[in-house]
Amino acid sequence: MHAIPLGIDERKRKLGGKIKRLREAQGLSQRRFALMVGVSPTYLWVVEAGRSNVGFSMLCRIADGLDISVSELLDFSD
């Protein structure tokens, strides 16, 4: 049986929450992580709140900053 696909807004919320959890697990502040990936802390807050469409290059920078793959970042099965 197939699961019902998540809507776009739910995927953005899950992505943002995952970024925040992983960032915090590494002991990184929003400000520090934003500097690491080359964005403003405000933009990172918007991403973590699930309120922004995140482009592929930004996904790559975030995944690199967290030392994980893009596919791991986008795995919402947990």
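## R23 and its contact with E48

The side chain of R23 makes a polar contact with the side chain of E48, at 2.6 Å. A polar contact here is a pair of N or O atoms within 3.5 Å; within protein, one must be able to donate a hydrogen and the other to accept it, and residues adjacent in sequence count only if both atoms are side-chain atoms. This is a predicted model: local features need pLDDT of at least 70, side-chain atom pairs count only at pLDDT 80 or more, and totals for chains, interfaces and linings use all residues. Residues are numbered from 1 along each chain as its sequence is written, and side-chain values use heavy atoms, with hydrogens and water left out.

R23 sits in helix α1, residues 8-25. Helices (H or I, at least four residues) and strands (E, at least two) are DSSP runs, numbered from the N terminus. R23 counts as buried because its relative accessibility is 5%. Buried means under 20% relative accessible area, exposed over 50%, and partly exposed in between (1.4 Å probe, protein chains only). Leaving aside neighbours within four places in sequence, R23 is in contact with L28, S29, Q30, F33, L44, E48 and L66. Contact means heavy atoms within 4.5 Å.

## α2 against α3

The axes of α2 and α3 come within 8 Å and cross at roughly 100°. That makes α2 roughly perpendicular to α3. Axes are lines fitted to C-alpha atoms, for helices over the stretch in contact, and angles run from 0 to 180 degrees between N-to-C directions. Angles under 35 degrees count as roughly parallel, over 145 as roughly antiparallel, 65 to 115 as roughly perpendicular and the rest as oblique.

From α2, the contact uses Q30, R31, F33 and A34; from α3, it uses P41, L44, W45 and E48. By class, the contact of α2 with α3 has five nonpolar, one polar and two charged residues. Ala, Val, Leu, Ile, Met, Phe, Trp, Tyr, Cys and Pro count as nonpolar, Asp, Glu, Lys and Arg as charged, and the others, Gly among them, as polar.

## The buried face of α4

M58, L59, I62, A63, G65 and L66 are the buried residues of α4. Seen down the axis of α4, they fall within an arc of 160°, so they line one face of the helix. The arc is that of the directions from the helix axis to the C-beta atoms. F56 and D64 are exposed on the other side of α4.

The buried residues of α4 pack against α1, α2 (30-37), α3 and α5.

D67 lies in the loop between α4 and α5 (70-73). D67 is exposed because its relative accessible area is 71%. Its phi is positive, about 60°, although D67 is not a glycine. Most residues other than glycine have a negative phi.

R51 is in the loop between α3 (41-48) and α4 (56-66). With a relative accessible area of 58%, R51 is exposed. Not counting residues up to four places away in sequence, R51 touches W45 and V46. R51 and S40 are 11 residues apart in sequence and 15 Å apart in space, C-alpha to C-alpha.

L74 is in the segment after α5. L74 counts as partly exposed, at 39% relative accessibility. Not counting residues up to four places away in sequence, L74 touches L15 and L59. L74 and L59 are 15 residues apart in sequence, and their C-alpha atoms are 9.0 Å apart in space.
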